[in-house]
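Dear colleague,

Please find below the structure that I am handing over to you. My findings follow directly after it.

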Amino acid sequence: MSIRVLAVGRKHESWVEEGIARYERRLRKPWDVQWDLLQHSSKADDVARAEESARLLKKIGHGDYVVLLDERGKMLNSPQLAKALRGPIDQGKRVVVVIGGAFGVDQSVHQRADLVWSLSNLVFPHQLVRLMLVEQVYRSQEIMAGSGYHHV
């Protein structure tokens, strides 16, 4: 079960790469995370948002289950996230997580999303969001497996 992350932005910084690698090593097959980093638009504001959104949508397949990270999205605790991922995983769908650029994504990406998820009411740097995301993927795997990693 592969989770594909589409993120607008530059490659992982070294400290992020180290943290991501730590959690990716813990993932048990068939779980894994595939990263697809898209370059920022050279434009600004609405033009950048539209350009980046169009490129993101081209990378999403028709049958993919799309999770959009957005600070205005639905707040989920870790068990709720695991439950939200279980359905598409059990149906054999590929889960695609979208992290927009500095100006966010436009309405077309919101409309394509099956779940709009907020990590917090706070806004985090994209590099940190990537690390937090892969930890939550690992946590979801462990919750689904019934391990003791997640303490309630």
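Tyr149 has a relative accessible area of 23% and is therefore partly exposed (buried means under 20%, exposed over 50%, partly exposed in between, with a 1.4 Å probe and protein chains only). The model is a predicted one, in which local features need pLDDT of at least 70 and side-chain atom pairs count only at pLDDT 80 or more, while totals for chains, interfaces and linings use all residues. Residues are numbered from 1 along each chain as its sequence is written, and side-chain values use heavy atoms, leaving out hydrogens and water.

Two aromatic pairs were counted; rings of Phe, Tyr and Trp (its six-membered ring) pair if their centres lie within 6.5 Å, and planes under 30 degrees apart count as stacked, over 60 as edge-to-face and the rest as tilted. Tyr23 and Tyr138 form a tilted pair, at 6.0 Å centre to centre and 45 degrees between the planes. Tyr23 belongs to helix 1 (residues 14-26) and Tyr138 to helix 5, so this pair ties together parts 115 residues apart in sequence; helices are DSSP runs of H or I with at least four residues, strands are runs of E with at least two, and both are numbered from the N terminus. The centres of the Tyr138 and Tyr149 rings are 4.7 Å apart with planes at 75 degrees, so that pair is edge-to-face. Tyr138 is buried, with a relative accessible area of 8%.

Elsewhere, Phe124 sits in the loop between strand 5 and helix 5 and is partly exposed at 24% relative accessible area.

With kind regards
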